[in-house]
Amino acid sequence: MGKYTGFRPIGVSFGRKAVFLPEIYAMNANVLEKLKILAESAKFDVSCASSGTSRGHQKGAIGSAAGWGICHSFAADGRCIALLKIMLTNSCMYDCAYCINRRSNDIPRATFAVSELVELTIEFYRRNYIEGLFLSSGVVRNPDYTMERMVRVVKDLRTLHRFNGYIHMKSIPGASEALVHEAGLYADRLSVNIEIPNEASLQALAPEKNFQSVFTPMRYIQQGVVQSAEERRHFRSAPRFAPAGQSTQMIIGATPDNDQSILRLSSALYRRQSMKRVYYSGYIHINTYDTRLPALKQAPLVRENRLYQADWLLRFYQFRVEEIVDDSHPNLELDIDPKLSWALRHPENFPVDVNRADYEQLLRVPGIGVKSAKAILLARRYGRLGTYQLKRIGVVLKKAQYFITTCELPTPTIQEITPEGVRRLLVKPNPRAADERQLSLFFDEP
Amino acid sequence: MRVFRYDKTFEGLLTAVFYAYTRRQFPDVLIGENDPLPLFADEPFTVCTDTAHAERVWKGLERKVRQRELLSALTAAWLSELPDADTLIFRYIRKIFDYPGDFAYNLGDADVLRLNQIWRKVNRESSYVIQFLRFQKTADGIYFAALAPLYDVLPLTLPHLTDRFADQLWLLYDIKRGYGYFYDGKKPEEVRFADPPEALRTGKLSAEQMAEGEKDFQQLWQTYFQATAIRERLNPRLQRQNLPARFWPYLVEVPSSNRTASR
């Protein structure tokens, strides 16, 4: 306790003296430089969720975990910053074509000491900058050696410093079961990135990896979660294993894989109870010298968005993957969302009567989401709904109007306008696509 | 026109509901103690705030509304400080009591809908405060944060903050309303300053008020904030949408040139 700065209101007594960590001010230019390098190396990992674990404050421990995620800031790319997303080291012995940290790249390399990373996490956490730590690492020497050092960081945080916030840890492909198991005892969420949804493409781009090295640690995590749930059924004090489950990530657009194979894989992964999220990361052409990769000018952001929409349909809208993409439509349409695309292919399910339809039917209407569907269910207990009432409770009718009937006089729906008509009404032609300065001659392109 | 005069507290408002029902006279307008009477008003009835009466009205509401969370819409609407919030809450409570069933879900009703919209706005603002408050450590070991939220939401953030920062001393200050909460390691207490120091007006500590190392951590956080953005995906519009400009002046990571411009 130093000099009086006028911030302690006079007359407020302290009672129990708060316990502070021994503070080391070793933060110097060196740490600043390391933080910069290792954050730049970790930024391409999409996952930043801090949800899934609810843990109140415990005496003598630091912090808590909120069950819902909290974003503490938003970077210039608009992405949420919830966790201190950082690598333990960005030196890596692998040479994966899509990765910024591959060994053939000439970039500055750095490694954090365990104590530096632990102090950084706790001090950031105490200032409400972050919800916790997202720890990743390049592979040094061998997977087990790397994993052991990562486990030491999270173990120190949890046991030595009693850090009670959120910890997300990457599991290194090829790490042993014992280490994955130890990591699960300290981390809230574990993740192994698949990166490429097809084994042949993965082998071509990342010769040191194969599906087995990715799916084996995933299976260890799954087994740990199931086993811990079983034990906790018998003994409430049994330790929790990765209470927020696991997640994974796939790179979109680096290989010619279509949306069908991506979404089929996602849907198969979601069938395991421990898989909470699959992230999709639009490929950014960073290693421009590698000819195995497509030279994309811009990350495929629209396709990424459509894949997330399809992912939401799988998880919250009771869609099956075959309904979203099939052999005749292996890719998602880019100019309309997957639900609208499904509805236009299946006009026989519409129109839906908002005053009678059940929740599942309402969820299938394009433009009506979980919130709107629930609001409709509540509001119609008190009276019949027309377009005016729907607008009032916040239902957006731009798309939905062609797929519903209300208590009012019938308006033209998809049955009268036909699916092609609805598509024409909803998709605005891109004004920049047609170049008006160029006179078009009516020759068909070969 | 019937007018009720009350002391502009939430308890006062609930007491007004109590007297309206006992007297079977329902006011058209609610005014504060020193407000001028509106035109064509009858002699106003002055409500003496009584906690017992207020408590009774609240209990009645709890009996009537099955889902208790919906009642927090009332407190949230009160904290919104909107000029017509009190008459809205009054009308809403009347509807809840007078309707035979459970009225709180009836989004088709204009008052229920508006109250729910205000509730949503206030809740969003309180989660913004939880997200974007930044503690700075002072030389005497207190973590200090100041911001100016749109609505009076500090009381709503206290359960989360006392749970999360239970082992540190902190002061959370509302610059706009000139009060804050000081947590002394046991429970948060409301504090006001007769002569607030400079930092309580700007939200920024001077160099000598900061704890040793505080400046370094701020700089580390700024560096991290810059480094973690992917330059190939810059999207300032999305950033502004997620991180409203009114919080920028009090954020550590936003460069100070941007901070004042957005005030």
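Visitor: Which residue stands opposite W170(B) in β6(B)?

Guide: Y143(B) stands opposite W170(B). This is a predicted model, in which local features need pLDDT of at least 70 and side-chain atom pairs count only at pLDDT 80 or more, while totals for chains, interfaces and linings use all residues. Residues are numbered from 1 along each chain as its sequence is written, and chains are lettered from A and ligands numbered from 1 in the order in which they are written.

Visitor: In which sense do β5(B) and β6(B) pair?

Guide: Two strands pair if DSSP finds at least two bridges between them; strands are DSSP runs (E, at least two residues) and helices likewise (H or I, at least four), numbered from the N terminus. Here β5(B) and β6(B), residues 170–174, pair in the parallel sense over 5 bridges.

Visitor: What lies between the strands of the hairpin of β4(B) and β5(B)?

Guide: There are 5 residues between them, and G141(B) takes a positive phi near 80°.

Visitor: Where do the side chains of β5(B) point?

Guide: In a regular strand the side chains alternate between the two faces of the sheet. Y143(B), A145(B) and L147(B) point one way, F144(B) and A146(B) the other, and all are buried (20 or more other C-beta atoms within 10 Å of their own, with C-beta atoms placed from the backbone). Because 5 of the 5 residues of β5(B), 143–147, are buried, the strand is largely enclosed by the rest of the structure.

Methods:
Buried ≥ 20, exposed ≤ 12 C-beta atoms within 10 Å, placed from the backbone.
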